[in-house]
Amino acid sequence: MNTLDLGTTPRLGEIPDKMKAFVIRPEREGEPRDSMQIELMDVPECGPNEVLVLVMAAGINFNGVWAARGKPISVIKLHPEEPFHIAGSDASGIVWKVGSAVTNWKVGDEVVLHCNQACRQCPECNGGDPLACDAQQIWGYETNWGSFSQFCKVQSQQLLPKPKHLSWEEAASYGLTYFTAYRMLIDQAKVQAGENVLVWGASGGLGVFAVQLCRLVGANPIAVVSRDDKADLVRSLGAEHVINRNEFDLSKGPSESKRFGKKLRELTGGEDADVVFEHVGQYTFPTSVLIAKRFGRIVICGATSGYELNFDARYLWMRQKRIIGSHFANTYEASRANRLIQQGKIRPVLDEVYEFEQTGEAHQAMAENHHKGKMAIRVQAPR
Ligand SMILES: NC(=O)c1ccc[n+]([C@@H]2O[C@H](COP(=O)([O-])OP(=O)(O)OC[C@H]3O[C@@H](n4cnc5c(N)ncnc54)[C@H](OP(=O)(O)O)[C@@H]3O)[C@@H](O)[C@H]2O)c1
């Protein structure tokens with residue numbers, strides 16, 4: 001049986017029998033450091049429209065934490081015919097093999113991957129929005145051959161050119177969160193120049209890109225963080241107004257939410273938020289609904305602190321605010337957003353690089369909120 005050493009690049013197109021992968025099994029779902037373990041797996045076969053990629057580096061995301069814990073759902077149950085899960089929805093790498101129907105990519109191309117999969121045959125995929133396709137799923141979360149392995153298998157439409165000025169690790173770090181933030185702000189909330197945008201978790205994976213996108217379109221990001229070093233980071237990305245959320249206990253209810261709103265208005269010259277960038281969920285959502293201005297938009301893609309939301313709906317209808325659900329991005333959005341990285345207008349914010357063997361530890365750090373910006377795992381990139 002031949003395998004590939006980590007940190008090495010074999011002869012172009014050469015495929016070993018087995019690959020190293022970080023695997024989650026049903027019997028060990030729990031905290032990431034225990035749940036994710038290295039195993040030797042078969043290298044996946046690719047179908048006509050699929051591509052096999054040699055993974056140079058992989059990006060850490062919160063969905064790996066959800067997958068490891070098996071909560072709120074056990075993603076392994078989504079594919080009972082293969083009862084294991086290789087997480088990972090971000091990667092940079094080299095095209096290693098292409099399916100028979102793939103014509104626009106070739107072996108040797110350097111790529112980054114986006115994580116939206118769809119059927120590519122239905123009306124939504126051909127003129128609509130592939131996010132509305134009945135077969136839509138997030139690669140590396142709802143599918144099981146993700147990026148924490150030496151090779152990964154993706155649909156050809158998931159490939160984007162790797163920005164040449166980035167290292168493998170930087171290139172692997174931004175796709176999932178940046179493309180999500182792009183859709184949320186640009187296409188869903190349609191943020192305008194001059195608007196005030198309250199960004200929760202501004203130093204986190206989504207937040208660092210939300211802040212940059214606001215600046216790029218001329219909006220004013222008000223960045224919420226929990227530590228001084230995180231405040232320094234978001235200021236370096238262009239946020240002029242920063243709120244430390246530890247000055248408030250939002251679990252106490254409306255009085256604290258109102259005090260938070262007062263702080264926001266002090267910073268904006270008396271304005272409420274035109275847009276609230278939400279992904280924290282239960283802990284922050286009642287405040288988000290309160291502090292959005294009349295006709296304001298609350299755009300939400302996640303719920304780190306809990307997904308059952310309880311808020312005072314009177315603020316919503318009396319002031320005609322809108323809640324907008326948003327989920328990842330389609331290929332067109334990912335491609336437009338990637339172009340901004342290629343042009344140097346948006347930059348990855350890579351805080352830490354871990355070796356492949358530390359994949360579980362890196363997810364644990366994210367689960368415990370020790371990180372800021374993005375983290376990447378070195379796989380075949382030189383050590
Ligand atoms: N639907 C989608 O397509 C999609 C895509 C990407 C992410 N998501 C989801 O969005 C969420 C955030 O993702 P991410 O990559 O940005 O995660 P992240 O890197 O962990 O950043 C989240 C930030 O939220 C803040 N936070 C954590 N708990 C909080 C609380 N109780 N109250 C206020 N702020 C809190 C933290 O910053 P401070 O401690 O400094 O405040 C943290 O930096 C996750 O739940 C993820 O699953 C969804």
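**Exercise 1.** Which element gives the largest share of the shell around the ligand?

Solution. The model is predicted: local features need pLDDT of at least 70, side-chain atom pairs count only at pLDDT 80 or more, and totals for chains, interfaces and linings use all residues. Residues are numbered from 1 along each chain as its sequence is written.

Step 1. The ligand is surrounded by 30 residues, a residue being near if its C-beta atom, placed from the backbone, lies within 6 Å. The closest are Gly-201, Gly-204, Gly-205, Ser-226 and Gly-302.

Step 2. Two or more residues come from each of helix 2, helix 4 (175-188) and strand 11 (220-225). Helices (H or I, at least four residues) and strands (E, at least two) are DSSP runs numbered from the N terminus.

Step 3. Helix 4 gives the largest share, 3 residues.

**Exercise 2.** Find how helix 2 and helix 11 are oriented to each other.

Solution. Step 1. Helix 2 (residues 62-69) and helix 11 (residues 359-367) pack at about 105 degrees, with axes 9 Å apart. Axes are lines fitted to C-alpha atoms, for helices over the stretch in contact, and angles run from 0 to 180 degrees between N-to-C directions.

Step 2. The two helices are therefore roughly perpendicular, the class for 65 to 115 degrees.

Step 3. Phe-62, Gly-64, Val-65 and Ala-68 of helix 2 meet His-363, Met-366 and Ala-367 of helix 11; contact requires C-beta atoms, placed from the backbone, within 7 Å.

**Exercise 3.** State the extent of the C-alpha trace of the protein chain.

Solution. Along its principal axes, the trace spans about 65 × 40 × 35 Å.

Conventions
Parallel < 35°, antiparallel > 145°, perpendicular 65-115°, else oblique. Contact = placed C-beta atoms within 7 Å.
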